[in-house]
Amino acid sequence: MKDVVTAGVDGTPEAHSAVLWAAQEASLRQARLRLLHAWVLLADEPEPAAREEDEQNYWPHRMMEEARGVVRNHYPDLPVDKDLVAKDPFEALKEAAGESDLLVLGSRNVGPMTRYVLGELGLKLVAHTDTPTVLVRAQQGAPPTGHNGDVVVGVSLHEPCEALLAFAFDSAARRGVTLRAVHGRHLPAHAYNRGGGVEPYAADEAKKLASDALEGALAPWREKYPDVPVDARVEMESPAPALLHDTTGAALLAVGRRRRHLLRVPRIGHVVQAVVHHAPCPVAVVPHE
C-alpha cells in the first residue's frame, strides 16, 4: 500500500468533483491526497515568488490553490500534496498512478441522451494503468450528506477477478454499506423454444446454476469480510445493462478490466466502455489478471 490517492486537476467542474471524491476516499483510507496538474508549457520556477496574472504559471498555481482550498473546507485535517509538473498529461498521470493506490479523474457530462463522455485521455489511462482508476462526473464528488449508497460490483464468472472483488469488498467495508454483487448473462440457446419464447424451467435452471457459481466466487470474500452485507444478484441479460439497472442510488460501481499482456494496443472491453459512459455514479475500473 502506498497510502496515496491521486486526483487529476484541470480546473473543470468534472475535475472539481473528482477532487472532492478523491478527498473523501483518501479520508476513508487514512491516506494522503495528491493533487496533480500536468502542463508541458509549465515554466521553470527556481525560487518561490509572488505571482502576477500575466505570468506563465499564474493560472496553474491558482487552479491548484482553489482545488486545495475546496478540500480544506471539507476535510481540514487531510494531508494534501500539490504537484505541478511540466509533462504531457497522459505520461504524468500514468506515472502518478504507479505511485498511488488509486487514480481519480473527472469525465464530462454531455446531457441526458448520450449521458457521459470519457475523454481520450481518460480512456487511454484506464487502458494503460495497472492502478484502479475512478471516473467521476460533475457533482458526483459532493461531500456526503450522512447517507452512503451501496457499492456495486460487476462479477464475471468466466475468469478469476480476485483483485476486483478485493477492491469492492474493501470499498464497502470502509463505507459501512452493502455490497451488491451483480452477474449478468444471456439465457442459453436451449432455453428458447421453436416459437422464440422462453421455456421457464430452462430459464430457472440457468439462473440457478449462475447463482450457485456467483455464491461460490463470493464465499471466500464473505468469510474475509463478515461485517459486509452482500446482496448477490444474477440478471439474465447482457452484463452492461444488468449493471446499469442496479446502480440506482449507488455510491460506487466497480468493474474489472482484464490485463491482456499479449495485446499490442490495450483495450478496456465493451462492458467497461458501456458503464463508464452511462453509469449515474462514480465508476472504478480495476485491472486484474
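**Cysteines**

Begin by selecting the cysteine sulfur atoms: a search of the whole structure finds 0 disulfides, a disulfide being a pair of cysteine sulfur atoms within 2.5 Å. This is a predicted model, in which local features need pLDDT of at least 70 and side-chain atom pairs count only at pLDDT 80 or more, while totals for chains, interfaces and linings use all residues. Residues are numbered from 1 along each chain as its sequence is written, and side-chain values use heavy atoms, with hydrogens and water left out.

Next, select Cys-161, which is buried at a relative accessible area of 4%. Cys-281 is also buried, at 2%. Buried means under 20% relative accessible area, exposed over 50%, and partly exposed in between (1.4 Å probe, protein chains only).

**The largest pocket**

Now select Ser-156, Glu-159, Pro-239, Gly-256 and Val-271; of the 25 residues that line the largest pocket, these are the closest to its centre. The volume of this pocket is about 530 Å³. On a 1 Å grid over the protein atoms alone, a pocket is an open set of points where a 1.4 Å probe fits, with protein on both sides within 12 Å along at least five of seven lines; lining residues have an atom within 4 Å of a point. Grid points are joined across faces, edges and corners, and the volume is the space filled by probe spheres set on them.

Colour strand S8 (179–184), helix H7 (239–245), strand S10 (252–258) and helix H8 (270–278): each supplies at least two residues of the lining. The largest share, 4 residues, comes from S10.

**The whole chain**

Switch to a cartoon view, where the protein shows 8 helices and 11 strands. These are DSSP runs numbered from the N terminus (helices H or I, at least four residues; strands E, at least two). Of the 289 residues in the protein, 45% are buried.

**Arg-222**

Finally, select Arg-222 in helix H6 (residues 200–224). How exposed is Arg-222? At 30% relative accessibility, Arg-222 counts as partly exposed. Leaving aside neighbours within four places in sequence, Arg-222 is in contact (heavy atoms within 4.5 Å) with Phe-169, Glu-215, Val-230 and Ala-232. Draw a distance between the C-alpha atoms of Arg-222 and Phe-169: they are separated by 8.5 Å, although the two residues lie 53 residues apart along the chain.
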